Amino acid sequence: WGLLMLAAPAISAAQSSVAADDFNDRGLAASARRDFSEAESLLRESLRLWQDMGPRYEGHAATVMVNLAEAICGQGRWKDGARTLSAALEMSRRSLGAEHIRTLSNMNFLSSTLLILGELDQALALYREALDIERNRYPGTAQLAQTLMGISSYYVRTNRTAEALAPADEALQVSIQASGENSTDTAMAYANVGQIHVFSHQTARAIPLFHKAEAIYAAVLSPEDPRYASVLSQEGLALAEDRKLVLADRNMTRAVEILSHCPGCQYLTAVAQSNLGWLRYREGRYSDADALLTHALALEESYAARLSSEMAATLD
């Protein structure tokens, strides 16, 4: 009888871990189909089960918290997502260690979220911490590429475009090496370099990079995916800079239309509407420009913790 009583907790923990993994897997599947509300519910249950099993399972709980943050951010609740990621990072550092690859993934996700919220200095500090570790322990990995892209985005947001190109170019090469030519990571890297060329008024270099990103997103995801729409909008800026206003109008209008069907895409929608509003202003369609820019500003104010570079551009 005593032996049976001693064995029961181990069986219970094993059963709980199986159930927790199941809720996590179902949550990830829901996120993949962009059902973020369902994903959040499933992932919260997975997190509860891992936490109920005690400190020994903190590493598992931290991983689920990162997945949960993705579901929260997918619904446009960026501030809540940042809080969840901060808590997960603290837990991951304690349970897995500061140099674990999952800790670095958490750090990169939190940093990108802080960029969106306008918390630029905090984001850069985390990116630099991650970069030092990745250079030493994880060279040539997707996490290094993510960090380099984040640093280049920081430079763009702080009007240091000339400094943004080197980390962006390196991120593209690392991403191709780590994830292959036809991956979403590489598509993001192509678009990132293209955006920097637009801000540097090098549209002839930017447009082919956007085409590469669009082709990858269309093949790997869908031409209706929000990430595809985001690149369309960025390419529209390059086309407008190149005075190809009809093509720019087509791209930007299509991007806004795709994103109108994505309820959790406030950030991408705000950027796309601001871009199209700028084009309408150049066309002299001031009423349309006013409506687009006003709505973009309202979206930016709904998620940004403080004045962000995107909000400043819309206000300007």
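Modeller: A search of the whole structure, which is a predicted model, finds 23 salt bridges. One of them pairs Arg94 with Glu58, with the closest N and O atoms 2.7 Å apart. Arg94 belongs to helix H4 (residues 78-95) and Glu58 to helix H3 (residues 58-74), so this pair ties together parts that are 36 residues apart in sequence. Glu58 has 18% relative accessibility and therefore counts as buried, the cut-off being under 20%.

Asp80 is partly exposed, its relative accessible area being 29%, whereas Arg83 counts as exposed because its relative accessibility is 54% and the cut-off is over 50%. Asp80 and Arg83 are also members of a network of salt bridges that links them with Glu40, Arg44 and Arg77.

A further salt bridge is formed by the side chains of Glu283 and Arg285, with an N to O distance of 3.6 Å. Here Glu283 is partly exposed at 28% relative accessibility, and Arg285 is partly exposed at 37%.

Definitions and conventions:
Residues are numbered from 1 along each chain as its sequence is written. This is a predicted model: local features need pLDDT of at least 70, side-chain atom pairs count only at pLDDT 80 or more; totals for chains, interfaces and linings use all residues. Side-chain values use heavy atoms; hydrogens and water are left out. A salt bridge is a side-chain nitrogen of Lys or Arg within 4 Å of a carboxyl oxygen of Asp or Glu. Helices (H or I, at least four residues) and strands (E, at least two) are DSSP runs, numbered from the N terminus. Buried means under 20% relative accessible area, exposed over 50%, partly exposed in between (1.4 Å probe, protein chains only).
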